[in-house]
Amino acid sequence: MRWFHDFMVTMLALLAASGAHAQEVTPDPYGKGPHLAITLVAETERPAAGSTVTLALATVPQPGWHGYWQNPGDAGFAAKLDWTLSSGVTASEPAYPVPGRLIVADLMNYVFEKAYAPLVTLKLPAGLAVGTQVPVKLRTNYLVCSAEVCVPESADLSTVLTIGDGAISSASQGRFDAWRRAVPKPLDAKGVFQASGGRIRIAIPYPAGAALPKDVYFYPITTGLIDYSARQIVSQDGDRLVVETKAAVPGVSGPLVGVVQIGQQQGLVVTADAGTVAAATQTGSAGVSGVLLATLIAFGGAMLGGLILNIMPCVFPILSLKALSLARGHLDEGAARREALAYTAGVVSVCVGLGGAILALRAGGTAVGWAFQLQDPRAIVVLLLLTVALSLNLGGLFEIPTPQFVNRSGGAGGAFATGALAAFIATPCTGPFMGAALGAALVLPWPAALAVFAGLGLGLAIPFLLLGFVPSLRKRLPKPGAWMETFRHILSVPMWLTALALAWVLGRQAGVDGLTLGLAAALFAGFALRIGGRRQARGLAFGWVALGALAVVTVGGAALVSRAPAGAAVAEAGSEAFTEAKLDALRKEGRPVFVYFTADWCLTCKVNEKVAIDTDATRKSFADHKVAVLVGDWTNGDPVMGRFIEAHNRAGVPLYLYYAPGAAEPQVLPQVLTPAVLAVLGG
């Protein structure tokens, strides 16, 4: 039966090739075709001249049928794409998602049995006028099979692009993010393979602390080197994965290119050169201890990072007020501990909730990281109003009203809400230890990842937790008195500075109109808070009118604000905006390259830029050593940039990379920079 299957597949391939210009689908006695519904989808229908635009071949097989990967395996053939494009327009080779495996009569097939979308990048020439139409036509010939029969089919697809501003709708971006997530990402470091005695052993770089997925499999793109149907033995050995299987032919030579599957629809493109590969000393089961070790290390880093967040200007006033509330001496030991635990629960709940949202969005194909909500101007408006309200509260304009359910729970309810607030407004910050820890969380299994986010919350809550459980620390706090009111007013200053920073970020994201809207909303919120504060001064409740006005201002401000039209990225003097193509070009020239990723809402980023990067000494050092500087602005959450950041085990910004000439991997620099750290680059 195997020879008959091979013969039939070969004949069908020849028939498909000879009928490459036929207009009709090949007759199908086993059901009405076509059996693959293919749609040509453009990420944007108005790309800018001189830019690239991604096209998706959105494909949906009929139930019981399957299409083939770029290497079909023991049988079948990959789809053939014949483009008809305007002068100057070029199309890349298709980037396929990670396939599945199907064994029929001892033949291994690399197939797609569910919806999938190969991605093709079109390069448009510069100089095209806005409004110019760019027709795109594609004829594709492919093989589609069921369990009983294989049928060659063809399809004529087309779309028309119109040169414009390159804007991408949120719906389109979401679809393409999901499709891109299924496409394996290139692994910068090369692997090594060794073939001898009819066996082939492949060593693939892989972090020692990362978990070994359950379904690791190596799909060869290079044909004829590996016996596709042979069993693969995968082991995690230190900082590498070792794949061993049967070689297809003796005397295999390289290079060997393939995709290693590391999770559900997740893979890495690996290029391996011939060499010597030592046998694995560990088995796959060692991954359990590796996951535990990686989780503990990331948990510790997140906890240290959270502890450092307490000195940030948006968190320190809240922590100080809670600490001084313990200094009043009105709480017994039990009440102090309950407040400390409630505050901790509030902090941890928000951190775990944000972490869960990040993991869920990433599972859906969206490239997001820590502080992802700050990439939306609507969230910035809400945070701006919140910080203005806190500033006015610290200044004595009003007292924060507490709901009845909080009052019924005593001080614990207020402590929980305060902890949740502190965690939420701390999200713009990333400190030492924290970035690497949250980056590691994104490659760990989800329970371990959530534990790391809980560690961040625990670190943020540690100071108040210690005050609640260690009476001697509370005794060291200053005695209560009139000075506490003055100190409270002083604490409003860093909160006002936080509001000022958020207003600046809003202006960068939403333009002058958005900034004006945000400031107007803050003004009207101030009026509403003033009305409530005057009622409180007369011994009355804050009032539903004031609360309703606040709700209307907050919802209205968030609903009306919108992102300003995208413009060209502006880099500092002596630097250029980051693109992967520019980075590759500079590295091919042999230039040392310093790449840093920043965002307007990232406080740590801005401090590093002011103190270490944008200085005369650093610019002179870079110029003397001919270090090229690329700046990646992640303020608005560019998905391509997000995937690049993710590939370097980071959950967000800041990220600082130095590429030495000829080095295979970049040097990841600390998240807190000093001029001395940068002065040695390129030397």
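Two strands pair if DSSP finds at least two bridges between them. I start from that rule, and I keep in mind that this is a predicted model.

**Entry 1: the sheet**

I looked up an open sheet of 3 strands. Its order is S4-S9-S10, and the pairing is antiparallel. Which strands stand at the edges? I find S4 (80-85) and S10 (150-162) there. Each has a single partner strand, so one side of each is left without a neighbour in the sheet. From one strand to the next, the twist averages 15°.

Next I checked how S4 meets S9 (residues 133-145). The two strands run antiparallel and are joined by 6 bridges.

**Entry 2: helices H6 and H12**

I moved on to helix packing. Two packed helices are described by the angle between their axes and the distance between the axes. For H6 (residues 377-394) and H12 (residues 483-537), I note an angle of about 155° and axes 5 Å apart. Angles over 145 degrees count as roughly antiparallel, and H6 and H12 are therefore roughly antiparallel to each other. Their crossing is left-handed. I also noted the residue classes in the contact of H6 with H12: 24 nonpolar, 9 polar and 1 charged.

**Entry 3: helices H2 and H17**

I then looked at H2 (residues 170-182) and H17 (residues 639-647). Their axes come within 11 Å and cross at roughly 30°. Angles under 35 degrees count as roughly parallel, and H2 and H17 are therefore roughly parallel to each other. H2 passes H17 in a right-handed crossing.

**Entry 4: aromatic pairs**

How many aromatic pairs does the count come to? I get 19. I wrote up two of these pairs.

For tryptophan 69 and tyrosine 110, the ring centres are 5.9 Å apart and the planes stand at 80°. Planes over 60 degrees apart count as edge-to-face, so this pair is edge-to-face. The pair links distant parts of the chain, 41 residues apart. Tryptophan 69 is in strand S3 (residues 67-73), and tyrosine 110 is in strand S7 (residues 107-112). Are these two residues buried or exposed? Tryptophan 69 counts as buried because its relative accessibility is 1%. Tyrosine 110 counts as buried too, at 0%.

The other pair is phenylalanine 594 with tyrosine 656. It is stacked, with 6.4 Å centre to centre and 10° between the planes. This pair also links distant parts of the chain, 62 residues apart. I place phenylalanine 594 in strand S20 (residues 593-598) and tyrosine 656 in strand S22 (residues 655-659). Phenylalanine 594 counts as buried, at 0% relative accessibility. Tyrosine 656 counts as buried at 1%.

**Entry 5: proline 99**

Where is proline 99? I find it in the loop between strand S5 (90-91) and strand S6 (100-104). Proline 99 has a relative accessible area of 7%. Buried means under 20%, so proline 99 is buried. I also checked proline 99 against glutamine 261. The two are 162 residues apart in sequence, and C-alpha to C-alpha they are 9.0 Å apart in space.

Technical notes: Residues numbered from 1 in each chain as written. Predicted model: local features only at pLDDT ≥ 70, side-chain atom pairs only at ≥ 80, totals over all residues. Heavy atoms only, no water. Axes fitted to C-alpha atoms, helices over the stretch in contact; angles between N-to-C directions. Helix = DSSP H or I, 4+ residues; strand = E, 2+ residues; numbered from the N terminus. Parallel < 35°, antiparallel > 145°, perpendicular 65-115°, else oblique. Left-handed = near helix turned anticlockwise from the far one by under 90°. Nonpolar A, V, L, I, M, F, W, Y, C, P; charged D, E, K, R; others polar. Phe/Tyr/Trp six-rings, centres within 6.5 Å; stacked < 30°, edge-to-face > 60°. Buried < 20%, exposed > 50% of the residue type's maximum accessible area, 1.4 Å probe, protein only.
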